[in-house]
Amino acid sequence: MPDTRVPAYPMKRDCPFDPPPELGRIRAEDPVTRVRLWDGSRPWLITGYDDQRAVLRDRRFSADVRRPGYPHVTAGSRARRRRSRTFISMDEPEHGRYRRMLTSTFMIKRVEALRPRIQGIVDELIDTMLAGTPPVDLVSAFALPVPSLVICELLGVPYADHDFFQRCSRAMVSSRSTPEEAVTAGDELKEYLIRLLDRKADEPADDLLSRLVVEQAETMTRSELADMGMLLLVAGHETTANMIALGTLTLLQHPDQLAELREGDPVLIKSAVEELLRYLNIVHSGRRRVATEDVEVGGRLIRAGEGVIVATDAGNRDEKAFPDPDVLDLHREARHHVAFGYGVHQCLGQPLARVELQVVYGTLYRRVPTLRLAVPLEEIRFKHDMLVYGVHELPVSW
Amino acid sequence: MKVSVDQEKCIGSGQCVMLAAAVFDQRDEDGIVVLRDANPPSDLDDDVSEAAQVCPGLAISVED
């Protein structure tokens, strides 16, 4: 019989814009505590900001999904991540070796150089949207195409195939997918990328997949390269797209702050991006690790082999790190948030995500000042069932 | 303020460059941190301290 004193994780939200209230209670009363997962395992849940940073920077906690005790999000995610092993599931020094193959592409000056192109993509999509008749679904007309076009250009994946890879991507991050469905979607996408890599090996172009297939010809198999490409493609879609749509819905609930943002002050736009990353923390299933040694965290002893879940949605609402944490304040100094994680696995694409969001938040509401929800808030379907939080559709009018 | 960086620990997140581009840069070939100014002027103290605080690889050390 399951021990009902140990709370089940993940927990349910009350308000679609806030983390589950139970997380806040746990953070106040028992910030390092056991929770119960879908498979009956009982890893530790870390809810305080300082403890979270301590765990995520401590190399005694492993990200290796093959280790016994690793707390998997779902059966589907377990099956898929064991099958397709990338640097996000590796520890040092192996992790760094792979990650450093990619860091030059995402460095600040390269990403800043993409800003005009990203602005062009955003403007063009807004032109198309405004030429149509409202209401439109902002997710399919704008929020998803922006990061999808950008990551496709960067990787060298034909955008014309977006229906196919977006479908695979959705199945891979849906917690409703069975293990078979998640694995099949991953396999289909991987086969597609292997064929693409074969073509790039013959005729390299000026894109990341071409660079990798040429530079790593001796060190990485086509299969490993495809796994890496798949990770970048999926991560490049599912995150920024949700920040755009959910961020817009959030701002529409705060019309005074949205009006201020519309004035276009670049300093405010930058801090708005950080604050929305903190406030919404869309990667809502926690960062997961397994202890390789006995480690004390927040006064509790975590034993070697035990799983750990770092709930960054709770950390980003910790009043010790962010005064009045449940208030959205676009002027807040929020750059120390943990929405991108922390430690060696912190998001590789964060400079790109930041520029995309700065361009979007700085352009959409200025160019469409009358943007509004076309349905009551109650009708919006939130992504409770996805590994990355957001909205399934966002019908808007102007 | 005296600044030092550890390129082995750096993961190329670029947060230091966003905060203090006069002090930190990234190597063209792999995005790893390069120190441009080991003794930055005091008006950059806050930015440099914040860069050290947010660095995910704990690759930045500062001394007063």
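## Helix α3 of chain A

In helix α3 (residues 75-83) of chain A, the buried residues are Gly76(A), Ser77(A), Arg80(A) and Arg81(A). They lie on the same side of α3(A), because the arc that they cover around the axis is only 110 degrees; this arc is that of the directions from the helix axis to the C-beta atoms. An α-helix has 3.6 residues a turn, so residues three or four places apart point the same way. The buried residues of α3(A) pack against α8 (162-173) and α9 (179-202) of chain A.

A residue counts as buried if 20 or more other C-beta atoms lie within 10 Å of its own, as exposed if 12 or fewer do, and as partly exposed in between, with C-beta atoms placed from the backbone. Two residues are in contact if their C-beta atoms, placed in that way, lie within 7 Å. Helices (H or I, at least four residues) and strands (E, at least two) are DSSP runs, numbered from the N terminus.

## Basis of the model

This is a predicted model, in which local features need pLDDT of at least 70 and side-chain atom pairs count only at pLDDT 80 or more, while totals for chains, interfaces and linings use all residues. Residues are numbered from 1 along each chain as its sequence is written, and chains are lettered from A and ligands numbered from 1 in the order in which they are written.

## Chain A as a whole

Chain A contains 15 helices and 10 strands. Its C-alpha trace spans about 60 × 55 × 35 Å along the principal axes, and 46% of its 398 residues count as buried. Among contacts in chain A with a separation of 6 or more, 74% are between residues 24 or more positions apart.

## Strand pairing

In chain A, three strands form an open antiparallel sheet in the order β4-β10-β9. Its edge strands, β4 (136-137) and β9 (372-373), each pair on one side only. Strands pair if DSSP finds at least two bridges between them; two bridges join β9(A) to β10 (residues 395-397) of chain A, and Leu373(A) has Val396(A) as its bridge partner.

In chain B, strand β1 (residues 2-5) has Val3(B) and Val5(B) on a covered face and Lys2(B) and Ser4(B) on an uncovered one. β1(B) pairs with strand β4 (residues 60-63) of chain B in the antiparallel sense over four bridges, with Val5(B) opposite Ile60(B).

## Contact between the chains

Chain A and chain B each give 17 residues to the contact. On the side of chain A that touches chain B, α5 (108-131) and α15 (350-367) are the elements that give two or more residues.
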